[in-house]
Amino acid sequence: MTTSSSERGVSLGMPELPAPAYPDDVRARLETDAREIIARYPDSRSALLPLLHLVQSEEGHVTRTGMQFCADMLGLTTAEVTAVATFYTMYRRRPSGDYQVGVCTNTLCAVMGGDAIFEALQEHLGLGNGETTDDGKVTLEHIECNAACDFAPVVMVNWEFFDNQTPASAKRLVDELRAGRPAQPTRGARLCTFKETARILAGFPDERPGAVEEGGSAGPASLVGLRLARGEAASARVVHPRGGPQGEPQDRVHEPSPAEHLSSHDAPQETSASDPAHPAGPTAEEGE
């Protein structure tokens with residue numbers, strides 16, 4: 001006696017239909033851009049990462065249509081393209097907002113208040129991780145290290161830095177984004193939409209007047225190793241030095257100038273360490 005697949009609780013289902021094609025005018029425009037990208041590389045498949053950013057700039061996330069387009073342009077299988085698109089978190093696999101708000105919850109940002117910021121934004125926006133507001137403006141997610149630990153806790157919007165954040169400042173930030181008011185990053189170019197950001201990441205110039213000149217850099221603590229590697233003298237301390245054998249300071253404490261971008265260890269802004277209303281969490285004695 002044999003049993004059917006339905007009797008065994010197995011659903012074979014229908015094979016997935018091919019991805020729909022881009023409209024002719026959209027495909028023609030994307031092909032022009034794609035050929036420009038591919039020409040930069042001696043091996044065409046090396047162009048896959050920027051091509052994924054290109055199709056993401058078209059629809060705001062990487063669709064099956066976009067992955068089929070990349071495969072066609074590079075002579076790859078859709079499985080090869082999908083393997084890459086699903087590996088890197090910068091490629092979105094579902095519709096998302098104009099502004100990707102990422103809260104760093106890695107170790108240092110977390111203990112400096114990142115966990116409190118993420119929790120506050122979830123409650124404020126009524127969102128879970130990776131979800132988008134009903135107006136399509138903001139997608140909230142927790143992300144791993146932003147490589148800006150001396151400005152912890154850090155929030156990024158479309159990969160631009162907002163340093164030394166608190167729950168209150170982060171809530172003001174998302175409110176400004178949803179209201180359409182300009183929000184200036186702590187450093188780097190002024191914000192553009194996620195689609196515009198994706199096109200820049202595909203390797204095309206930022207055509208906004210003055211945007212290229214709007215720069216910024218890592219903080220003093222992050223650049224110490226680079227300065228030493230170049231043979232430069234070590235810069236002044238940016239944190240309070242430990243006391244010497246008799247408790248006296250070992251060297252002079254750095255006093256930042258008003259124009260210098262402060263690190264979170266010097267900053268007068270509230271952080272989880274200085275904001276009693278938003279502690280980083282309970283502490284435990286060693287061994288508990």
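Modeller: Helices here are DSSP runs of H or I with at least four residues, and strands are runs of E with at least two, numbered from the N terminus. By that count this predicted model has eight helices and five strands. Along the sequence they follow the pattern α-α-α-α-β-α-β-β-β-β-α-α-α. The part you ask about is at the start of that pattern.

First, the whole. The protein has 288 residues, and 38% of them are buried. Its accessible surface is about 16600 Å². Carbon and sulfur atoms account for 53% of that area. Take the contacts between residues at least 6 apart in sequence: 64% of them join residues at least 24 apart.

Now helix 2 and helix 3. Helix 2 covers residues 48-59, and helix 3 covers residues 64-74. Their axes come within 9 Å and cross at roughly 140°. The crossing is right-handed. Helix 2 brings L48, L51, L52, V55 and E59 to the contact. Helix 3 answers with G66, M67, F69, C70, M73 and L74.

Look at the spacing in those lists. An α-helix has 3.6 residues a turn, so residues three or four places apart point the same way. In helix 2, L48, L51, L52, V55 and E59 are the ones in contact.

Just after helix 3 comes G75, with a positive phi of about 70°.

Next, the charges. The whole structure holds eleven salt bridges. One of them joins R29 to E58, with the closest N and O atoms 2.9 Å apart. R29 sits in helix 1 (residues 24-38) and E58 in helix 2, so the pair links parts of the chain 29 residues apart. R29 counts as partly exposed because its relative accessibility is 41%, between the 20% and 50% cut-offs. E58 is also partly exposed, at 22%.

E36 pairs with R40, and here the closest N and O atoms are 4.0 Å apart. Both partners are partly exposed: E36 at 42% relative accessibility, R40 at 36%. Salt bridges link R27, E31, R35 and D72.

For contrast, take a pair elsewhere in the chain. R187 and D163 form a salt bridge with the closest N and O atoms 2.8 Å apart. R187 is in the loop between helix 6 (167-179) and helix 7 (194-201). D163 is in the loop between strand 5 (160-162) and helix 6.

Last, the surface. L49, F87 and Y88 form a nonpolar patch, with about 320 Å² of accessible area together. F87 lies in the loop between helix 4 (78-85) and strand 1 (99-104). F87 counts as exposed because its relative accessibility is 61%, over the 50% cut-off.

Methods:
Residues numbered from 1 in each chain as written. Predicted model: local features only at pLDDT ≥ 70, side-chain atom pairs only at ≥ 80, totals over all residues. Heavy atoms only, no water. Patch = residues over 30% accessible without salt bridge, like charges linked within 9 Å, V, L, I, M, F, W, Y side chains within 5 Å. Areas by Shrake-Rupley, 256 points an atom, 1.4 Å probe, with all protein chains shown as cover. Salt bridge = Lys/Arg side-chain N within 4 Å of Asp/Glu carboxyl O. Buried < 20%, exposed > 50% of the residue type's maximum accessible area, 1.4 Å probe, protein only. Axes fitted to C-alpha atoms, helices over the stretch in contact; angles between N-to-C directions. Left-handed = near helix turned anticlockwise from the far one by under 90°. Contact = heavy atoms within 4.5 Å.
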